[in-house]
Amino acid sequence: MEKMPVHDEVAQAIQPAILTGSEILWATLVGEGVTEVFGYPGGAILPAYDALRKFPIRHILVRHEQGAAHMADGYARASGKVGVAIATSGPGATNLVTGIATAMMDSIPIVCITGQVSSKVLGTDAFQEIDITGITLPVTKHNFLVSRAEDIAPAIRAAFQIAQSGRPGPVLVDITKDAQQARADFDFAAAQPRPYTPHPMLHCTDHKLHHAAELIRKAERPVILAGHGILQSRAGEQVRSLAERMQIPVGLTLLGLGAFPASHPLSMGMMGMHGESWVNHAIQNADLLIACGMRFDDRVIGTPATYAPNAKKIHIEIDPAEINKNIPVDVALVGDLREVLEQLLPLLPGRDGSAWLRSIEDSKGSAAVRDIRNLPDSGHLYAAHVMHDLWRITEGRAIVATDVGQHQMWEAQYYHHDHPRTLITSGGLGTMGFALPAGIGAKVACPDREVWVIAGDGGFQMTASELATIAQEKLKVNIAIINNGYLGMVRQWQEFFYERNYESTPLVSPDFVKLADAHGIAGAAVSTRAELASVVERARQHNGPFLINFLVEQEDSVYPMIPVGSALHEMIRRPDHNPLVETPQDF
Amino acid sequence: MLHTFVAYVEDKPGVLTRVASLFRRLNINIISLTVGRSERAGYSRMTIVADASDQAGHRIRASLYKLEDVAEVDDISGVSAVTRELALIKVAANAESRSGVFELAEVFRARIVDLAPESLMIEITGVESKIEGLIQVLNERENRVLEVCRSGKMTMRRGHHTSRVLRAMGVTDIPDGIEPVDPD
């Protein structure tokens with residue numbers, strides 16, 4: 001039989017009919033535009049799985065439900081669409097929790113569907129029963145317990161609306177087994193949720209806009225703080241207009257990377273704990289901060305009391321609960337970033353910012369000289385080399401999913417993101433094991449894009465079982481393991497703050513190339529910079545997934561670093577000579 | 001300081017948990033919480049009194065609004081409002097000692113709503129200090145208080161100040177600044 005065109009399949013799936021709850025579930029997902037889901041079957045969700053084959057949805061079978069949630073997350077981050085994860089009751093549902101919390105902290109729209117025991121036995125401690133709506137209450141934007149077939153479509157449709165609207169976030173829908181089995185009238189259109197109402201405390205009056213514009217016009221040393229909200233509200237162009245017209249330098253948060261092009265002359269790079277020294281100095285010396293879709297996270301501000309002491313602060317933010325949470329601000333423009341900027345831009349005529357830009361440029365001087373990029377190629381393999389060369393070879397166009405720790409910071413420092421949604425990383429929760437499944441999700445969302453998973457030897461092992469998912473689904477995902485034999489970031493803290501007491505951080509790992517091979521995935525190890533480029537090229541050309549085990553300098557640290565409790569300008573800088581990692585021939 | 005919020009929430013399972021969980025997450029103690037049906041079908045009205053820093057009011061209100069089941073939140077700390085609490089107080093009293101309690105009830109404008117051979121029950125409404133005053137005086141009468149049940153505070157703004165009330169009255173041109181906004 002000839003395959004139906006997609007829109008016909010969708011139209012057919014959402015025809016009003018009397019269906020089982022399971023069929024209603026899939027039909028509603030199809031109606032919401034879902035084409036892929038990540039999941040793992042089990043008893044309480046089995047009726048839903050039984051009905052899956054009737055619907056035009058691809059199911060990616062994961063190896064652990066945490067992977068399903070991260071994949072849905074990576075899918076959402078890469079595409080801007082809602083990611084969907086599905087799991088059974090009990091342990092299936094609890095395994096999702098880390099992934100849901102990760103999405104919550106980074107405001108990622110995902111919908112998680114869990115099976116639940118039959119409504120007749122709810123609350124009886126039935127086999128694989130768990131109160132997942134109770135457990136996920138603080139880590140979801142909202143959740144639903146559905147125990148009737150007729151409630152499934154409205155709940156799923158509301159979940160999609162909630163996940164995407166305002167400040168996005170994860171929503172969980174828990175559906176009892178009997179609701180999946182019962183039959184009910186299905187009417188996709190009638191199940192539409194009530195119209196979305198913006199948060200009632202959005203507040204951006206003309207008076208406030210004029211006040212903000214006046215502060216921007218009068219500022220001598222302004223800095224734009226570019227955050228994740230730029231991606232969420234698709235405001236990249238407006239932020240760029242603001243920066244260019246008023247000649248304001250831009251510092252980025254980790255999750256903001258890609259929201260403003262790294263190669264833009266006004267881009268300073270990443271701010272915060274491992275941000276570039278000149279960015280943090282610029283912020284500390286600024287007389288005006290314009291925060292665009294960022295939340296003054298503690299990793300960005302150092303210590304609240306000493307943060308940008310002489311700067312007025314304008315906060316453009318969609319979530320009123322973020323205003324004055326960590327840093328008191330002078331003007332809060334509470335609303336959608338793009339809409340606010342579109343109102344603000346006409347009030348800004350232009351400005352000469354050359355003196356301030358020149359002084360920032362001057363402050364880069366010594367920092368750049370000590371940059372690890374300038375180390376000779378003949379020396380050891382540094383993680384920074386890997387990031388820099390990956391960036392160069394992929395021309396900065398790959399989607400990069402990173403894990404958490406040193407490699408994540410090096411990636412942020414040396415892989416320059418010019419394009420939105422090219423960095424997929426767990427910022428708020430800092431979830432190790434995120435990279436591999438999130439990269440899989442990104443690849444499923446964007447099959448034509450080059451995807452690199454970059455993970456440390458520690459984090460990779462937390463979700464390494466998803467290698468099997470890559471193999472089964474035949475996904476062309478490239479994997480770079482930054483292997484330094486330690487839980488590197490923890491080791492770095494032990495080096496700096498615990499007198500090099502490397503307690504429980506040295507790591508014995510499997511041979512990752514053999515592990516890949518056991519999954520039918522090609523791989524190679526790299527221990528010198530000389531081999532780096534050719535192996536990366538081999539991986540890119542290889543018809544199928546490829547894993548590279550980069551054996552990097554073991555006791556290298558991420559610089560600069562702001563110790564917890566210090567001010568933003570009190571950075572630990574890369575020492576001129578680090579006896580832990582550099583041998584004389586490096587010079 | 002004590003913050004008082006009035007919230008209209010959807011009348012369905014789990015809503016109370018969501019509201020309570022928000023305060024728990026912020027490590028804020030709820031001093032008093034009353035919930036009951038409201039004039040709006042399908043919505044309950046909550047009066048929440050919580051002890052939090054002076055600056056916390058804005059964030060709590062904004063966070064309450066982020067809950068899907070919360071329709072409206074009014075921060076009425078420091079505004080002109082009527083606040084009442086209801087208490088039922090059971091006091092040990094026999095035929096000989098009743099008259100003294102009757103007199104006290106009279107002074108406090110409380111009512112005797114149950115009379116048994118060894119005890120009686122007082123119903124009192126009023127502000128917190130009035131109720132506490134009665135309990136204190138009763139306690140001074142040799143531990144005569146057996147049981148106290150207090151409703152927690154119920155509060156309503158004086159006049160018709162909120163935009164919702166104005167809308168309900170048919171006013172379409174609602175002036176700016178009626179409701180609390182962010183404090184910059």
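Biologist: Leaving aside its neighbours within four places in sequence, which residues is A:Glu276 in contact with?

Modeller: This is a predicted model, in which local features need pLDDT of at least 70 and side-chain atom pairs count only at pLDDT 80 or more, while totals for chains, interfaces and linings use all residues. Residues are numbered from 1 along each chain as its sequence is written, chains are lettered from A and ligands numbered from 1 in the order in which they are written, and side-chain values use heavy atoms, with hydrogens and water left out.

Contact means heavy atoms within 4.5 Å. Leaving aside neighbours within four places in sequence, A:Glu276 is in contact with A:Met268, A:Met270, A:Gln413 and A:Pro560. A:Glu276 sits in the loop between β11 (267–270) and α12 (277–285) of chain A. Helices (H or I, at least four residues) and strands (E, at least two) are DSSP runs, numbered from the N terminus. A:Glu276 has 17% relative accessibility, so this residue counts as buried. Buried means under 20% relative accessible area, exposed over 50%, and partly exposed in between, with a 1.4 Å probe and protein chains only.

A:Thr176 belongs to strand β7 (residues 171–176) of chain A. A:Thr176 counts as buried because its relative accessibility is 0%. Not counting residues up to four places away in sequence, A:Thr176 touches several residues, including A:Gln116, A:Leu122 and A:Ser147. The side chains of A:Thr176 and A:Asp178 are joined by a polar contact of 2.7 Å. A polar contact is a pair of N or O atoms within 3.5 Å; within protein, one must be able to donate a hydrogen and the other to accept it, and residues adjacent in sequence count only if both atoms are side-chain atoms.

Next come the cysteines. A search of the whole structure finds 0 disulfides over all chains, a disulfide being a pair of cysteine sulfur atoms within 2.5 Å. For A:Cys204, the closest cysteine sulfur is in A:Cys292, 12 Å away, and therefore too far for a bond. B:Cys149 counts as partly exposed because its relative accessibility is 48%.

The rule finds 2 salt bridges across the interface of chain B and chain A, a salt bridge being a side-chain nitrogen of Lys or Arg within 4 Å of a carboxyl oxygen of Asp or Glu. A:Arg194 forms a salt bridge with B:Glu10, with the closest N and O atoms 2.7 Å apart.
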